[in-house]
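Please look over the sequence and the model below before reading on.

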Amino acid sequence: MVRIGGVTKANFHQRIVAPSLLAAEFSRIGEEVARAVTAGADWLHLDVMDGHFVDNISFGPAVVQVVNQNSEVFLDTHLMISRPDHYLQRFIDAGADLITVHVEADHDVAKTLRRIRDAGLQAGLALNPATLIEKAVPFFDQIDLLLCMTVVPGFGGQAFMSDVLEKISAAAAIRAQGGHHFHIEVDGGIDATTAAACAAAGANVMVAGSSTFRAMDMAAAVRAIREA
Ligand code: DX5
Ligand code: ZN
């Protein structure tokens, strides 16, 4: 990241590997965070689910705060919640570094993105697999990251949806044409094989839960995704 005229510019050529804490062993959360960092994680991906926006409940700001207090790692916080505007301040206060909200959620998207940046954080916008890229384009100057979900969000361990590759390519093309600056992140079913396909399409931030935390050798798994 570099700051130009007060605006954060993403280095979207840099590969970033973000293990998802959802696949960690929750009874040893502190050790699991340390294990990810030791294994070479660039960011830690935190999946927040409210039981409304998705059919699952994970964890909230208290867990984000504990992770923040126990580690220096960059916290990439993915809010799969219906009212990100209502809960936003709590995640800012908890120490998130980047907050991603869904375009499909029930809020004024432009206003929420502005609030995230005004708080000094990086702002991300997420699209479910079925959501067209056109829904995100109006916000391309307001984001540091575009998350193209590669599974229907809610659960770890699902199969990668290769249809999304086309949307990633379209996003990268529109970004280049418009001179926008944001990372393209993928999340769901990512391992070294699918990461290579996503990178070829234009993604640079790879979220991976099962394939990293549940690997025999987490460092090797992170390295394989980085080098894919
Ligand atoms: C899906 C979550 C993902 C999930 C990825 O709802 O947003 O971050 O943890 O898990 P894997 O890598 O196991 O598909
Ligand atoms: Zn996620």
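**A histidine, a sheet and a ligand**

The backbone oxygen of histidine 102 lies 2.9 Å from a polar atom of the side chain of histidine 107. This is a predicted model, in which local features need pLDDT of at least 70 and side-chain atom pairs count only at pLDDT 80 or more, while totals for chains, interfaces and linings use all residues. Residues are numbered from 1 along each chain as its sequence is written, chains are lettered from A and ligands numbered from 1 in the order in which they are written, and side-chain values use heavy atoms, with hydrogens and water left out.

The side chain of histidine 107 also makes a polar contact, at 2.8 Å, with the side chain of threonine 112. A polar contact is a pair of N or O atoms within 3.5 Å; within protein, one must be able to donate a hydrogen and the other to accept it, and residues adjacent in sequence count only if both atoms are side-chain atoms. Histidine 107 sits in the loop between β6 and α4 (109–118). Helices (H or I, at least four residues) and strands (E, at least two) are DSSP runs, numbered from the N terminus. Is histidine 107 buried or exposed? Histidine 107 counts as buried, because its relative accessibility is 13%; buried means under 20% relative accessible area, exposed over 50%, and partly exposed in between (1.4 Å probe, protein chains only).

Next comes the sheet. Eight strands form an open sheet with parallel pairing, in the order β3-β10-β9-β8-β7-β6-β5-β4. Two strands pair if DSSP finds at least two bridges between them. The strands at the edges are β3 (16–19) and β4 (43–49); each has a single partner strand, so one side of each is left without a neighbour in the sheet. Inside the order, β8 (residues 145–149) and β9 (residues 183–187) pair in the parallel sense over five bridges. Leucine 146 has isoleucine 184 in β9 as its bridge partner. Strands of a sheet pair through backbone hydrogen bonds, either parallel or antiparallel.

A polar side-chain atom of aspartate 47 is 2.5 Å from an oxygen atom of ligand 1. Glycine 154 has a polar backbone atom 2.7 Å from an oxygen atom of ligand 1, and for a backbone N or O atom of glycine 189 the distance to an oxygen atom of ligand 1 is 2.8 Å.
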